[in-house]
Amino acid sequence: MSTSTIDLTTCRVGAVAAVSDMARARAFYEGTLGLRPGDEQGDGHVVYPCGGGSTLLVYVSAHAGTATATVAGFDVPDVEAAVADLGARGVAFERYDGPGVVTDDRGIMDAGAFRSAWFRDPDGNTFALAGR
């Protein structure tokens, strides 16, 4: 047993999304979202580098799309512009009207200090855009 401690606040963290069909996932992540693949592993994993050294790992799994909460969030400078841009590329944004989360007709929630919008990949994994 190790006596050293790990300070997770100093460690990089990356988002992970399980998908059922890599070709369909790549068409969405690369073609629709515009992400560029970085490290491609022969075992069905693709790593997409994102801002600030962050990454999104996409991998094939029998558990694809079973997460019931947001799997990752993109910090964007302008939520309205990001929703308009991705919407023009065919991304459909979720609409919520429930306790704690209410979105407008574009799918944007305005919480005062920040705004958010959510969309799903072809397997149903939920992603967020957050910012102002």
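Which element gives the most to the lining of the largest pocket? Please bear in mind throughout that the model is predicted.

**Stop 1: the whole chain**

Begin by showing the protein chain as a cartoon. The chain contains two helices and ten strands. Followed along the sequence, these elements come in the pattern β-α-β-β-β-β-α-β-β-β-β-β. The protein chain has 132 residues, and 33% of them count as buried. Consider also how the chain meets itself. Among contacts between residues at least 6 apart in sequence, 54% join residues at least 24 apart.

**Stop 2: the nonpolar core**

Next, select Y29, L33, L56, V58, F93, F119 and L129, and show their side chains. These are the residues with the most contacts inside the largest nonpolar core, which has 25 residues. Colouring by element shows where the core draws its members. Two or more residues come from each of β1 (15-19), α1 (22-32), β3 (45-49), β4 (55-60), β5 (70-76), α2 (79-88), β9 (115-120) and β10 (126-131). In soluble globular proteins, nonpolar side chains tend to be buried together.

Now centre the view on V58. Residues up to four places away in sequence set aside, V58 touches A17, V19, M22, A25, Y29, G44, H45, V46 and Y48.

**Stop 3: the aromatic rings**

The structure holds eight aromatic pairs. Y29 and F127 form one that is edge-to-face, with 5.9 Å from centre to centre and 75° between the planes. Y29 belongs to helix α1 and F127 to strand β10, and the pair links distant parts of the chain, 98 residues apart. Are these two residues buried or exposed? Both Y29 and F127 are buried.

Y96 lies in the loop between α2 and β6 (97-98), while W118 lies in strand β9, so the pair ties together parts that are 22 residues apart in sequence. The two partners may be compared by their accessibility. Y96 has a relative accessible area of 26% and is partly exposed, whereas W118, with 12%, is buried.

To finish this stop, display F28, Y29, Y48, F74, F93, F119 and F127 together. Ring pairs link these residues into a cluster.

**Stop 4: the largest pocket**

Select C50, G73, F74, D75 and V76. Of the 24 residues that line the largest pocket, these lie nearest its centre. The volume of this pocket is about 340 Å³. Four elements, β4, β5, α2 and β10, each supply at least two residues of the lining. The opening question can now be settled: β5 gives the most to the lining, with five residues. Colour the lining by class to see 15 nonpolar, five polar and four charged residues.

**Stop 5**

Select T126 in strand β10. Its relative accessibility is 5%, and T126 therefore counts as buried, since the cut-off is under 20%. Which residues does T126 touch, not counting those up to four places away in sequence? They are A69, T70, V71, A72, Y96, W118, F119 and R120.

Move to T32, which is found in helix α1. With a relative accessible area of 18%, T32 is buried. Beyond residues up to four places away in sequence, T32 touches A27, L86, R89 and V91.

End at R36, in the loop between α1 and β2 (40-41). R36 counts as exposed, at 66% relative accessibility. Apart from its neighbours within four places in sequence, R36 is in contact with Y48 and P49. Draw a distance between the C-alpha atoms of R36 and Y48: the separation is 6.0 Å, although the two residues are twelve residues apart along the chain. Y48 also belongs to the cluster of linked rings shown in Stop 3.

Conventions:
Residues numbered from 1 in each chain as written. Predicted model: local features only at pLDDT ≥ 70, side-chain atom pairs only at ≥ 80, totals over all residues. Heavy atoms only, no water. Core = buried A, V, L, I, M, F, W, Y, C linked by side-chain atoms within 4.5 Å. Buried < 20%, exposed > 50% of the residue type's maximum accessible area, 1.4 Å probe, protein only. Contact = heavy atoms within 4.5 Å. Phe/Tyr/Trp six-rings, centres within 6.5 Å; stacked < 30°, edge-to-face > 60°. 1 Å grid on protein atoms, 1.4 Å probe; cavity = no way out; pocket = protein on both sides within 12 Å on 5 of 7 lines; lining within 4 Å. Points joined across faces, edges and corners; volume = space filled by probe spheres on them. Nonpolar A, V, L, I, M, F, W, Y, C, P; charged D, E, K, R; others polar.
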